[in-house]
Amino acid sequence: MGAIDTYIGYLSKFGASAIILESGKQILVRLATGDRAATQTLTFASLQAMVEEAAPASVLADLLVTGAAAFDYAGGPQPVHCTVTSSTSAMKLVIAVPDATDRPALSTRDTQPIARVEAAKTEVMPRVTEAVPRASAGGPKIDEMLRAMKNLGASDLHMSCTMPPLVRKDGEMKPVPGFPVLTPDLMLSLLYEIAPEKNRKEFEERSDTDFAHSIEGLSRFRANMFRDRHGPGAVFRAIPFNILSPEQLGLPPKVLELCYLTKGLVVVTGPTGSGKSTTLATLIDYINSHRSDHIITIEDPIEFVHENKKCLVNQREVHVHTRSFKDALRAALREDPDIVLVGEMRDLETIAIAVETAETGHLVFGTLHTTTAPSTVDRIIDQFPADRQAQVRQMLAESLRGVIAQTLCKKIGGGRVAAYEVLIGTSAVRNMIRTAKTFQLPSVMQTSRDVGMITLNDSLIELVKAKKVEPLEAYMKAVQKTELKAALQKLGFTINVADDKE
């Protein structure tokens, strides 16, 4: 006997035409003389379990996508017709006697779910409130926010319930004028209109998901949907259609030499939002323009789109074209690549395969979320169990060709500019990795400027001297703050901070 059967039994017991179950509210029994309230209430979880037990899988899929569904149920004391609506925090189930001629018509609020199901047959999502300005005819309604974000020159759009949309411009959060406070229902309507079906299901199962969205003639966007204590939310990162040149990015000349390698591992690192994807896209585009090779990229999701120039470029998206980074990387070895880009080296197995791929005659580019070049080497090694670290040191010493660590600084006059730290895999560096003396890498970098190595402090100082970055901004972005402050003071720059401690 299903949980729903108990409530179906009330229909004949009380001669009712409908039972209305709504999470957090009293149960209503619809009689010919009017509604009668019971003292019992149901939680969202118990009501959800009841619906999942009674409804067919196809109906549950409709409910997941549209927030509304209808189905017939014949497994209980008598056949009934059910309508259900659901949001992030509430669910409502109406159990009615089908085709009852003697029952009063359901109220507007109870027939609304049926109307929503019918509307879902012709619309991707229920209509969004008119408070949100419309995009071009037939376009997703969220596109207006994304267009406003681009018009403001912002890099990210942040959407959170109880707040109007915000953007990140030049590193700072700012409101987007002309848009309403976002509610959970409005948020889901906007996001589900553009999210692929697999991502909607993943979001319901895991409460977060990543996907890409594109507006023709404007930009691509990397999207992340998530839940927090207020409800659903999302962040959109703008991915330009046009890939910046090395000169526009200000990449150090030595970095471009890494693009001519035939094998080895090159890692681009930095905190979230530091421009790693942009740098990698520029390097891949440079290879695409100057070499005649086969490039495979493995990304989640695909961000910058690379057309075939001199190279053949195959771009694979995790969860769309392959199950995982490690599966795609393992398969790449059978796809005759020359260059492989791994969007994220997330786990031990992915890192291990990437190092092995680099060691066996392929050029591999990857990313990690580390702040300095020397710490990247330690992060890779520390991913492995202690009994494997000696072997990994040997493999990494042979395969590592370069590490590019970067951070974005606010530019004087607006915009942002990257500061780079570059570690080159020279014989001295390889020996330090092999003998577990990576703590000496910063010293080697300082004395190896002639081979193209750059410390983060050196890069920050050059930006200050070129009047691109304020001294205080450079100090805030530095890892070794005391050394940077002393160096800038020798050059005649002053930094006023409340606390000089690193």
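**View 1. Contacts of Ala154 in a predicted model.** Leaving aside neighbours within four places in sequence, Ala154 touches Met149, Val167, Arg168 and Lys169, where contact means heavy atoms within 4.5 Å. The model shown is predicted, so that local features need pLDDT of at least 70 and side-chain atom pairs count only at pLDDT 80 or more, while totals for chains, interfaces and linings use all residues. Residues are numbered from 1 along each chain as its sequence is written, and side-chain values use heavy atoms, with hydrogens and water left out. Ala154 sits in the loop between helix H5 (143–151) and strand E7 (156–160); helices (H or I, at least four residues) and strands (E, at least two) are DSSP runs numbered from the N terminus. With a relative accessible area of 8%, Ala154 is buried, a term that means under 20% relative accessible area with a 1.4 Å probe and protein chains only. Between Ala154 and Ile351 there are 197 residues in sequence and 33 Å in space, taken from C-alpha to C-alpha.

View 2. One cavity of 30 Å³ or more is found in a search of the whole structure; a cavity is a set of points, on a 1 Å grid over the protein atoms alone, where a 1.4 Å probe fits but cannot get out, and lining residues have an atom within 4 Å of a point. The largest cavity holds about 50 Å³ of space, the volume being the space filled by probe spheres set on the points, which are joined across faces, edges and corners. Its lining is formed by Ala352, Val355, Glu356, Phe384, Arg388, Val392 and Met395. Helix H12 (348–359) and helix H14 (389–399) are the elements that give two or more residues to this lining, and H12 provides the largest share, three residues.

View 3. Seven strands form an open sheet with mixed pairing, in the order E15-E14-E16-E17-E13-E18-E19, two strands being paired if DSSP finds at least two bridges between them. Strands E15 (312–317) and E19 (416–424) stand at the edges with a single partner strand each, so one side of each is left without a neighbour in the sheet. Strand E18 (residues 400–410) runs antiparallel to E19 and is joined to it by nine bridges; Gln406 has Tyr420 in E19 as its bridge partner. Helix H17 (residues 456–465) packs on the sheet, touching E18 and E19, and its direction makes about 145° with that of E19; axes are lines fitted to C-alpha atoms, for helices over the stretch in contact, and angles run from 0 to 180 degrees between N-to-C directions.

Definitions and conventions:
1 Å grid on protein atoms, 1.4 Å probe; cavity = no way out; pocket = protein on both sides within 12 Å on 5 of 7 lines; lining within 4 Å. Buried < 20%, exposed > 50% of the residue type's maximum accessible area, 1.4 Å probe, protein only.
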